[in-house]
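Here are some worked exercises to go through with the model open beside you. Try each task before you read its solution.

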Amino acid sequence: MVKDPIIYIVSDSVGETAELVTKAAVSQFNGLHAVIKRFPYVEDISNIDEVIDLAKSEKGIIVYTLVKPEVRNYMKKRAEKEAIAVFDLIGPLMEQLESMLGRSPLQEPGLVRKLDEEYFKKVDAIEFAVKYDDGRDPRGLLKADIVLIGVSRTSKTPLSQYLAHKRLKVANVPLVPEVDPPEELFSLPPEKCFGLKISPEKLNYIRKERLISLGLSDDASYADVERIKEEIEYFEKITGRIGCEIIDVTNKAVEETANIIMSKCRNRTST
């Protein structure tokens, strides 16, 4: 009976994909306990020679995912010369796709992992925006990449979600004259905060439409112009104390405001 095999996982990235596929195959052989050894970030020929020598001395099998044709071909030729069993998990499929699509692959290691990381960053940012929306938990302000400040109906929530889809962790704080803002707000670096300013007339219109959509009277104090002016005055007082950037969102779409914020953030990190 053949002893449990030694399988070398060779990859020009982390090697997770190749190891997962290998374990799936091994699991189909009940009672088989393969010894799996992973060799990540193998990108040149000298590394291939090292693995070939090990596999030869231990009578092992090599399973590999190498995207560069010259490294992949070298692995195949060396293994054939030394009579080592090798299995190319990605090369044949890439060659088939290249033939079908008439396009050359990027041949850049680790792209799947990069895509996965970007996806999970986006999910984390979206969950963060929901958790720390509308000032629900002041502790989120300290963890946020960006903090939005504004009175009611200045698009704080949709703007938070839009920025979250750009993988930015955003918290937002509503300002109401009768309620003191959280103390955490004043301990933040001013450049992290953005105040959203709007004209009283535009806010009056937006709030009236909101009341009507809820089946309420549009003459409630929520939409009263004098009340709105009072809120905006309070907003200016708080943002002045923080010393943060102010963006006038009166006639701006959410995407436009988001682009302004992202541009300012990029400029700050590049200086």
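Helices (H or I, at least four residues) and strands (E, at least two) are DSSP runs, numbered from the N terminus. The model is predicted, so local features need pLDDT of at least 70 and side-chain atom pairs count only at pLDDT 80 or more, while totals for chains, interfaces and linings use all residues. Residues are numbered from 1 along each chain as its sequence is written, and side-chain values use heavy atoms, with hydrogens and water left out.

**Exercise 1**

Solution: 
- Step 1. The expected span is 1.5 Å times one less than the number of residues.
- Step 2. Take buried as under 20% relative accessible area, exposed as over 50% and partly exposed as in between (1.4 Å probe, protein chains only).
- Step 3. An α-helix has 3.6 residues a turn, so residues three or four places apart point the same way.

**Exercise 2**

Task: repeat the analysis for helix 8 and say what its buried residues pack against.

Solution: 
- Step 1. The 14 residues of helix 8 should span 20 Å at 1.5 Å a residue, and the end C-alpha atoms are 20 Å apart, which agrees.
- Step 2. Leu203, Asn204, Arg207 and Leu211 are buried in helix 8. They fall within an arc of 105° seen down the axis, so they line one face of the helix.
- Step 3. Glu201, Tyr205 and Ser213 are exposed on the face turned away from the buried side.
- Step 4. The buried residues of helix 8 pack against helix 9, where contact means heavy atoms within 4.5 Å.
- Step 5. Gly215, which follows helix 8, has a positive phi near 80°.

**Exercise 3**

Task: find out how many disulfides the structure holds, and examine Cys193 and Cys244.

Solution: 
- Step 1. A disulfide is a pair of cysteine sulfur atoms within 2.5 Å. The whole structure has zero.
- Step 2. The sulfur of Cys244 is 5.6 Å from the closest cysteine sulfur, in Cys193, too far for a bond.
- Step 3. Cys193 counts as buried at 0% relative accessibility, and Cys244 counts as buried at 11%.

**Exercise 4**

Task: locate Arg153 and Arg167 and describe their phi values.

Solution: 
- Step 1. Most residues other than glycine have a negative phi.
- Step 2. Arg153, in the loop between strand 5 and helix 7, has a positive phi of about 75° although it is not a glycine. Arg153 is partly exposed, at 36%.
- Step 3. Arg167 lies in the loop between helix 7 and strand 6, and its phi is positive, about 70°. At 37%, Arg167 is partly exposed.

Technical notes. The arc is that of the directions from the helix axis to the C-beta atoms.
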